[in-house]
Amino acid sequence: MMAPTAWNGNEENYFQLAHRAVAPEKFGEYHAVFDGSKSRIVPEYILGTLVEHLGYEQAHTLARIFMALLYAITISLFFQAVGLGVLNSLLVVVIFRLMGEEILGGEWLFQGVEGKTFSYAFVFLGLYFVHKSRWYLAVLCAVLASYMHFLVGMLWGGCIVLLAGIAARSLIMTIRCGIMMALLLIPLLAIIFSEQLGHSGPRISADGYSVDYIYSVIRNSHHLAPFKSLSSTWSWAPGILLVVLLAALLAALWRMAQL
């Protein structure tokens, strides 16, 4: 799945953004790749440096191979921690792929390289440390995941913090892990808040649309679902129902295991 045989749309965008972060002088003022958020500085520095020294094709090939190896290591450790053997682990990955790598939201894990995929590798490693009762190492992985992709890292970091407290049966452990994560994320949070509060306003095109509107609403309208309209909300209904059913199944299996 991670074979470097073709580029996806996200990679075409993020590799150029990464290159621009490292070598801004090579991009014109009106280049189509314009997003300059500093919240992606860590993955952009990694990918941008590869592009600057190796070129786009070689950087893409090397990044894909490295990402495949990183996933192989961290996902294997996670499956090992939860007690799955090789065959069952492979079955999980195959079913996940056949389901489109998502339940709702249209996202994926194994179709390319970007900050999100680096982040999920650290999430899997963090969950491994949770199962090994290494709470602080798990939180450190969540922090690293957040610096790779703050939405993925902070969401799963919150889950890891809660899991640490539940597994240790200690509210103090949850508080300690939460404080540790918050302190280590201060630089990233400062960048995000400063960018959002200091936004100077959208650039306006000749027809009156802002650049943000063109790229976010027109080109990538799925990013706004299910909030764009009532009809798009209904399109999420099957996925939401599936999440509820899977949660009920998991709860039932957990209760059976306690008997």
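In which helix does S89 lie? S89 lies in helix α4, which spans residues 86-98, where helices are DSSP runs of H or I with at least four residues, numbered from the N terminus. This is a predicted model, in which local features need a pLDDT of at least 70 and side-chain atom pairs count only at pLDDT 80 or more, while totals for chains, interfaces and linings use all residues. Residues are numbered from 1 along each chain as its sequence is written, and side-chain values use heavy atoms, with hydrogens and water left out.

The pLDDT, the predictor's confidence in each residue from 0 to 100, has a mean of 88 for the protein, with 86% of its residues reaching 70 or more. Confidence is highest in helix α3 (residues 56-81), at 97, and lowest in helix α10 (residues 211-219), at a mean of 65.

S89 is buried, with a relative accessible area of 10%, buried meaning under 20% relative accessible area with a 1.4 Å probe and protein chains only. Leaving aside neighbours within four places in sequence, S89 is in contact (heavy atoms within 4.5 Å) with F79 and L84.

Helix α3 holds I75, which also counts as buried, at 10% relative accessibility. Beyond its neighbours within four places in sequence, I75 is in contact with F110 and F124, and its C-alpha atom is separated by 7.3 Å from that of L125, 50 residues apart along the chain.

Turning to another pair of helices, F15, L17, A18, H19, A21 and V22 in α1 meet E44, Y45, L47, G48, T49, V51 and E52 in α2.

Technical notes. Helices (H or I, at least four residues) and strands (E, at least two) are DSSP runs, numbered from the N terminus. Buried means under 20% relative accessible area, exposed over 50%, partly exposed in between (1.4 Å probe, protein chains only).
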